[in-house]
Amino acid sequence: MLRADTRPILLANARVVDPARDLDVTGDVLIADGVIKDSAKNIRAAGVPEGTEVIDCHGCVVAPGLVDMRAFIGEPGAEHRETLASASQAAAAGGVTTVICQPATDPPIDDPATVDFVLRRARDTAIVHILPMAALTKGLEGNEIAEIGLLKAAGAVAFTDGTKSVMNAQVFRRALTYACDFDALIVHHTEDVNLVGDGVMNEGEFATRLGLLGIPKAAETVMLERDLRLVAMTEARYHAASVTCAESLEVLRRAKEAGLTVTASATINHLALNENDVGSYRTFLKLSPPLRGEADRVALVAAIKEGIVDAIISDHDPQDVEVKRLPFAEAAPGAIGLETMLPVGLRLVHDGSLTLLKLIHALSTRPAELLGLPGGTLKAGAPADVILFDPDVPWVLDRATLKSRCNNTAFDEARLTGRVTRTIVAGRTVYEYV
Amino acid sequence: MDARSTSAFALGQRHLLGIEGLSAEDINGLLDLSDEFVAINRRVEKKLASLRGRTLINLFFEASTRTQSSFELAGKRLGADVMNMSVISSAMRKGETLLDTAATLNAMHPDLIVVRHHASGAVELLAQKVECSVINAGDGAHEHPTQALLDALTIRRNKGAIDRLTVVICGDILHSRVARSNIILLNTLGARVRVVAPTTLLPSGIERLGVEVHRDMREGLRDADIVMMLRLQRERMNGSLIPSTREYFHYYGLDAAKLKFAKPDALVMHPGPMNRGVEIDSVVADGAQSLIQEQVEMGVAVRMAVLEALARNLPNA
């Protein structure tokens with residue numbers, strides 16, 4: 001954990017948005033000793049401690065810092081793609097105060113010593129909180145359960161095989177069963193690898209026109225249905241890492257209605273883009289799972305609104321030029337997203353699909369709850385992980401200005417509305433846009 | 001060296017990456033120009049000078065005999081200097097080789113590059129990195145525009161026109177760039193297009209490209225004017241798509257009995273190379289209704305027309 005700054009800060013004259021209390025009002029937020037002291041109307045008039053730095057927000061939004069449940073960081077083993085330090089710079093600029101990094105590193109995070117390494121390196125080099133998910137199976141190979149107990153004790157916040165699905169149902173059942181004993185959250189990428197086959201984008205007319213092999217939606221739904229049958233047998237806490245299509249939402253809805261301990265997230269890319277954005281073989285739009293049709297995107301947004309899908313993730317995946325400047329079928333999947341998740345998410349607020357409260361709930365409050373983290377709210381006593389953003393300022397994204405080590409953004413030259421102006425982690429301002 | 005084509009047609013674009021985006025006027029302009037080259041190719045003196053001084057590079061990342069030799073001959077008959085490059089490398093390094101090779105070749109100042117690559121979209125990617133004109137000689141399962149143009153020329157010369165003809169494309173549509181380019185071209189010129197294949201060899205959403213879909217070959221061939229057979233691309237088949245070539249031939253191979261369901265004057269085409277006894281019976285392939293040899297002849301003329309029409313846009317300084 002980052003060392004707290006004890007000096008008091010008053011964020012005055014702000015639009016205070018706190019989904020945990022269903023609060024969207026004009027007011028002030030007082031921070032001191034690395035925690036939130038108070039958020040209410042006109043704290044300033046009531047008097048603040050001596051030496052308080054007063055920041056006039058001019059009506060901009062103050063919200064709890066975002067909690068991103070899925071970002072790939074290449075440390076250890078792929079530092080040319082991203083380090084904990086560079087990822088944290090990107091996160092701070094995007095208003096993400098807690099990043100959950102993925103275990104698909106080299107070596108993978110499947111050993112308590114590696115968890116410890118990541119936590120120490122993050123403490124020493126990162127400017128936001130970075131916490132690891134650990135491998136669900138040893139070596140991410142899908143054959144043997146990882147040391148869930150020891151890994152959790154070392155500080156792993158959840159268990160996942162990253163972008164790999166555990167194809168062996170027996171292994172997955174045992175992992176779910178064993179995880180129950182440690183109250184561990186299992187996060188699973190739901191794609192049947194055989195149905196994915198050699199596919200590289202969503203199956204359908206557009207893939208056919210481009211001459212690319214398609215990935216059917218059933219690849220996702222088949223795996224999700226299997227998982228939920230197993231969850232019903234074990235009562236494990238299960239989280240679908242990235243759902244993309246309307247059929248999966250139906251499956252989730254039924255499971256939730258049946259009372260299963262099931263949650264899910266969707267990536268910001270799948271909420272904002274569809275398969276047509278691939279255009280003429282744009283490899284930055286090659287994602288796993290692939291972008292789907294517009295009807296699926298609309299259904300996904302509705303599912304966030306309804307709470308069928310709980311959280312929005314950046315699915316940040318830095319890929320360098322060598323694996324992206326290739327023919328589409330040969331290019332690596334993935335796009336960066338830490339820095340653009342909030343501005344892109346605000347599109348859904350500006351077009352009337354979501355309220356700002358709902359968006360921040362899915363980006364901060366809900367993921368913090370799922371992971372059992374103390375953030376995600378502006379309640380008194382919560383950690384002072386707070387962001388300040390102007391939801392209405394228009395700008396155009398230039399990927400050369402992004403802070404990630406790779407610039408494979410799906411939103412290059414996109415017109416965005418709203419940007420983060422200040423990010424505070426543990427009471428310390430770590431990013432300021434001037 | 002005295003002969004010159006009389007048509008002044010030029011393409012309004014730098015590259016020919018696909019049929020998609022070409023208008024009916026573009027296609028007819030290219031076919032008219034091709035007709036002139038057919039006549040020239042049948043003379044003793046076949047050599048023209050319109051590409052004299054130009055350099056044409058044939059860059060093939062996938063083995064090819066007929067397309068490469070057809071482009072080579074077309075370039076030479078127009079007076080260009082032609083260089084053939086076959087780049088066969090390990091699968092992992094192919095993509096990297098593509099852009100490196102593009103940069104290397106670009107530095108040699110070619111005027112035209114003809115590219116074939118196993119990945120869809122690869123030719124377009126390469127075209128972004130060079131300053132000359134690029135012609136797609138087949139990219140993955142995406143497009144093969146000169147094949148569609150030579151098929152159209154063959155049909156037009158035999159049937160007089162293309163609009164209102166019923167053209168049936170049979171076989172491995174899933175892996176076929178020839179099918180995609182032909183579907184787009186034939187629709188642009190007003191033909192009625194059908195596809196016939198087992199559903200495992202039909203790409204999802206194919207009906208949205210403007211074709212009628214048939215699983216029964218006899219049904220699909222009814223009243224057809226043109227029957228285009230496709231090569232079964234067994235080398236691209238990963239996983240179980242058809243149970244055996246024996247069963248495939250039984251249901252989807254073109255033999256004399258099935259051909260009877262088409263119009264009596266129906267003509268048979270195949271882009272080659274043929275798998276005799278798999279998708280087409282030798283009796284049909286070598287029979288009176290077959291245009292397969294004529295397609296090869298038209299190929300040279302069409303490629304001359306494409307090179308000529310693109311070269312007319314090149315700077316002359």
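With a relative accessible area of 32%, D116(A) is partly exposed. That value comes from a predicted model, and so does everything else below.

**Salt bridges in chain A**

D116(A) has a partner: R120(A) forms a salt bridge with D116(A), and their closest N and O atoms are 2.7 Å apart. R120(A) is partly exposed too, at 46%.

Helix α9 (residues 246-257) of chain A holds another pair, R253(A) and E250(A), three residues apart. Here R253(A) is partly exposed at 24%, and E250(A) is partly exposed at 39%.

The next pair joins two strands. E432(A) forms a salt bridge with R422(A). Since E432(A) lies in strand β19 and R422(A) in strand β18, the pair ties together parts that are 10 residues apart in sequence. E432(A) is partly exposed at 44%, while R422(A) is buried at 9%.

| Salt bridge | Closest N and O atoms |
|---|---|
| R120(A) and D116(A) | 2.7 Å |
| R253(A) and E250(A) | 3.5 Å |
| E432(A) and R422(A) | 3.1 Å |

Salt bridges can also link up: K256(A), D310(A), R366(A) and E369(A) form a network of them. Over all chains, the whole structure has 39 salt bridges.

**A leucine in chain B**

Now for L153(B), which is found in helix α5 (residues 145-159). Is L153(B) buried or exposed? It counts as buried, because its relative accessibility is 0%. Beyond its neighbours within four places in sequence, L153(B) is in contact with several residues, including L31(B), V38(B) and M298(B). The C-alpha atoms of L153(B) and A301(B) are separated by 9.3 Å, although the two are 148 residues apart along the chain.

How values were computed:
Residues numbered from 1 in each chain as written. Chains lettered and ligands numbered in written order. Predicted model: local features only at pLDDT ≥ 70, side-chain atom pairs only at ≥ 80, totals over all residues. Heavy atoms only, no water. Helix = DSSP H or I, 4+ residues; strand = E, 2+ residues; numbered from the N terminus. Buried < 20%, exposed > 50% of the residue type's maximum accessible area, 1.4 Å probe, protein only. Contact = heavy atoms within 4.5 Å. Salt bridge = Lys/Arg side-chain N within 4 Å of Asp/Glu carboxyl O.
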